[in-house]
Amino acid sequence: LSFSHVWIVSGGKSKSVELEDVKFHQCVRLSRFDNDRTISFIPPDGAFELMSYRLTTVVKPLIWIETNIERHSHSRVEFMIKAKSQFKRRSTANNVEVIIPVPSDADSPKFKTSIGAVRYAPEQSAFVWTIKSFPGGKEYLLSAHFSLPSVIGEEVEGRPPIKVKFEIPYFTTSGIQVGYYNDLLSEIVSYHKITENPSHLTQ
């Protein structure tokens, strides 16, 4: 069940968002969605993907990474890393991982940071900066120092990209929000409990 383009209201405001390649699980009642953009469904057993879509709107990175790399020929390389959260203060990114590549011949790592933990991952030719909780509107610094074997000349290497992994609960880059959730089954069960046990009701 799919649509090529869907326009919906974002965050309860008049601003609309265009979604592409929208796909629904077969349990969704498409007639209801066509009518008022309500996703009504009877869930199947087990875990399932209710909806997927693609967003082509350009958005700024939620966590921006700035790097300053200074390589001293045949001796050492130094990194200065700044991580800045570019989302509102009311949100928090959890389990943040910043993976910074290093030269393949780097060794003897030394790290200094005021937050989180840093580990060297030689199997990835990288070091990993882990921050458990990263609030919005904050920035943190990390410095790293690696030795380079003096017997090896400076290599002309392509610089792999820095990777950032994180989770932000109840946050979407599109601004789409769940306006309300109505569990009809729970309401039916509650109704039967009330009608079957009227003596428990008080006014």
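Phe-79, Phe-111, Tyr-120, Phe-127 and Phe-146 are linked into a cluster by ring pairs; rings of Phe, Tyr and Trp (its six-membered ring) pair if their centres lie within 6.5 Å, with planes under 30 degrees apart counted as stacked, over 60 as edge-to-face and the rest as tilted. The model is predicted, and local features need pLDDT of at least 70, side-chain atom pairs count only at pLDDT 80 or more, and totals for chains, interfaces and linings use all residues. Residues are numbered from 1 along each chain as its sequence is written, and side-chain values use heavy atoms, leaving out hydrogens and water.

The structure holds nine aromatic pairs. In one of them, the ring centres of Phe-79 and Phe-127 are 5.4 Å apart and the planes stand at 75°, so this pair is edge-to-face. Phe-79 belongs to strand S5 and Phe-127 to strand S9, 48 residues apart; strands are DSSP runs of E, at least two residues, numbered from the N terminus.

Turning to the strands, S4 (residues 63-72) and S5 (residues 76-85) run antiparallel and are joined by ten bridges; two strands pair if DSSP finds at least two bridges between them.

Key
Helix = DSSP H or I, 4+ residues; strand = E, 2+ residues; numbered from the N terminus.
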